[in-house]
Amino acid sequence: MTHDHRARRFNVEALTRVEGEGGLIVEVRDGEVADVHLRIFEPPRFFEAFLRGRAYSEPPDITARICGICPVAYQMSACQAIESALGVEVDAPLRDLRHLLYCGEWIESHTLHIHLLHAPDFLGYPSGIAMAAEHRFEVERGLQLKKLGNRIVEVVGGRAVHPVNVKIGGFYSTPTTATMAALAEELRAGLDAASEIARWVATFPMPDHELPDGTALVSLRHPTEYPMLGERLVSTTGLDIGVEEYLDHFAEVQVEHSTALHGQMLAGGDYLVGPLARFALNADLLAPRAAGLAAELGLTSAERNPFRSIVVRAIETVHACEVALSIAERYLVPTRAAVPVEAREGIGCGWTEAPRGLLFHRYEIDANGLIADARIVPPTSQNQPVIEHDLIHLIGNSLHLDDAALEHICEQAVRNYDPCISCATHFLDLRVLRS
Amino acid sequence: MTRPTVAVWKFASCDGCQLTILDCEDELLAIAAALDFRMFLEAGPEEMLDHFDISLVEGSITTNHDAERIREVRERSGIVVTIGACATAGGIQALRNYADVEEYTRHIYARPDWIDTLATSTPIAHHIKVDHELHGCPINKEQLIATITALLAGRRTPVTSHSVCVECKQRGTPCLLVSEGTACLGPVTHAGCGALCPSINRGCFGCFGPSESANLPGLLEVLRVAGNDEHEVLASLRTFNVTKFDTGATP
Ligand code: SF4
């Protein structure tokens, strides 16, 4: 690429308010968007390499350290995959506790993203802290709900970041009924706050914009639950597969002119995971209050505006509060904290819906219970191509804006996807190549 | 009093330790009123100053670029506080120090030649002078607040040198090792978590790193006598603080 005088080049060096650190490079030539690169500074940490030779019992603790924002997602996908390899099925009350734990992470992560990372974009503040000067009530309400999410993770998981209570087969110990009753009490108030937050974010000015044509939406689907813990995968392109078939349909490729492994559907085309996709494919399974709010706020499964993902996150937060409340209300101390597990040779896959979207794990375990092979596909690498194509499309429609305004809308658009850059264990640090 | 300017820096890490700052929900607005966060990418601010009064550093050094960047952080900072096992010990990514990083790279990437990485993951203190270290994977919220408060008051930052065992005694948790023979690293692990794992019936797995007077061979002998699998015990020492626990063998 040459530096002709009509070229505009933006380099949003360290893209703020994206979990982890990243950058965005946009090339505009002759009034056309020539290229967009989402650049990631995250150096590789090699989890899939050093998991080999570790005991089958270790991935819940080890893979949690891939991402401090969504450790529960890593723990749940790891447990599912390894339990499948070992032929273990947890008791229903333990699965309920896992579901509750996951609700806590959704509430915490979504509320963090809404208040400290994304709302400031819509309302014109550089950060959530700056926004608090004029929106103290809303920020404090958000922080209290975020705290409730963390509280759930602490009650069930023992610690907010990197829970210590999760193990293959269940938990080390289970909460008392008194603790759970207190949590239910807090959740009743939390549910009201979450509903108010959804109404609040729905008032934000929304840029008129749609996902690029042909983007497939991909999410897990469960017969009776809005998906957190599985179990099949569906898409707007008609896919309906089980977990063992995932790698037959999806791949990650290392792309030279990009900074990251890119998720691809082998059938061709970009695909989106995360709140907008989950909602589009599962709106019928929302808990009653969340469903009522979605209707009130005019959100339908036809929604394709990535900026409206903030509203979907708020609706999903309401849903997570409702589910958490119902689990807490009917809680009885399980007869055992974990089911017995024995090492054996096997291969198992697991997948769950992290706050940011589908998180896939696969393990091969040898006869001694040691991991022979591990494979992890995080949500952010799957969304990487969509983010870039969405930006090309968005910038193409926004070239009348000056550089500062364009820069702002690009940052906001990237944050629509809530990319968790630490999650994408494969992100590279490459420069844009010019010719 | 003018508010001290603060930067939060990230190196190879999971973001969990800096998230702990945002997890101080009740205190966050008060902390933001007392500290002038100018550089904290995860929370918004991104102003590069010539001088920051306090720098909080998360993560380990795994690339040449980061080795340069941390020196620059030192030059621009009054006080440098490292937060978490990645920054203080190299983190779990330091498992590469005992393996062949080229093999690791080939294992994961189709084009390893596009990957820029060092053969080791090293703690921040291997590269620059560090004024205070907060241990843990992740750090403990109360310790973080106590440290910030001490820095603001110009007091000495609180230091603990005892082990998790002391915290079990303080909270009245019966000893899992004595009563059930559970493999527990509490006797050799730095205090700071409040003896979290023993309180939920799980042996400590050492995420705060070794305590100052840790007698590791002694503990290994006790665990062996109690019937624990040595391979498993050693494996749990070779995680988030692998470079700090001297296990006498490569993992
Ligand atoms: S020490 Fe642990 S919690 Fe902190 S950044 Fe490193 S991996 Fe994350």
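Reader: In this predicted model, which residues of α3(A) meet residues of α4(A)?

Author: On the side of α3(A), the residues are V72(A), A73(A) and M76(A). Their partners in α4(A) are R98(A), L101(A), Y102(A) and E105(A).

Reader: How are the axes of helix α3 and helix α4 of chain A placed, and at what angle do they cross?

Author: The axes of α3 (residues 71–86) and α4 (residues 92–123) of chain A come within 9 Å and cross at roughly 150°. Angles over 145 degrees count as roughly antiparallel, so α3(A) is roughly antiparallel to α4(A). The crossing of these two helices is left-handed.

Reader: Let us turn to strands. Is strand β3 of chain B largely enclosed or open?

Author: A residue is buried if 20 or more other C-beta atoms lie within 10 Å of its own. Six of the seven residues of β3(B), residues 52–58, are buried, so the strand is largely enclosed by the rest of the structure.

Reader: Which strands are joined to β3(B) by bridges?

Author: Strand β1(B), residues 5–10, runs parallel to β3(B) and is joined to it by five bridges. Here K10(B) stands opposite E58(B). Strand β4(B), residues 77–83, is also parallel to β3(B), with six bridges between them. In that pairing, I54(B) stands opposite I79(B). From β3(B) the chain passes through helix α3(B), residues 64–76, to reach β4(B), and this β-α-β crossover is right-handed.

Reader: What does D36(B) touch, and where is D36(B) found?

Author: D36(B) is found in strand β2(B), residues 36–40. Leaving aside residues up to four places away in sequence, D36(B) touches R3(B), P4(B), T5(B) and V6(B). D36(B) counts as partly exposed because it has 17 C-beta neighbours inside 10 Å.

Reader: Turning to the backbone, which peptide bonds are cis?

Author: Among them is the bond from G230(A) to E231(A), with omega near 15°; E231(A) is in the loop between β6 and β7 of chain A. Another is the bond from C137(B) to P138(B), with omega near 5°. P138(B) lies in the loop between β5 and α6 of chain B.

Reader: What is phi of F46(A), and is this residue buried or exposed?

Author: Phi of F46(A) is near 65°, a positive value in a residue other than glycine. F46(A) is in the loop between β3 and α1 of chain A, and counts as buried because 26 C-beta neighbours lie inside 10 Å.

Definitions and conventions. Residues numbered from 1 in each chain as written. Chains lettered and ligands numbered in written order. Predicted model: local features only at pLDDT ≥ 70, side-chain atom pairs only at ≥ 80, totals over all residues. Buried ≥ 20, exposed ≤ 12 C-beta atoms within 10 Å, placed from the backbone. Helix = DSSP H or I, 4+ residues; strand = E, 2+ residues; numbered from the N terminus. Pairing = 2+ DSSP bridges. Right-handed = clockwise from strand over helix to strand, strands pointing away. Contact = placed C-beta atoms within 7 Å. Axes fitted to C-alpha atoms, helices over the stretch in contact; angles between N-to-C directions. Parallel < 35°, antiparallel > 145°, perpendicular 65-115°, else oblique. Left-handed = near helix turned anticlockwise from the far one by under 90°.
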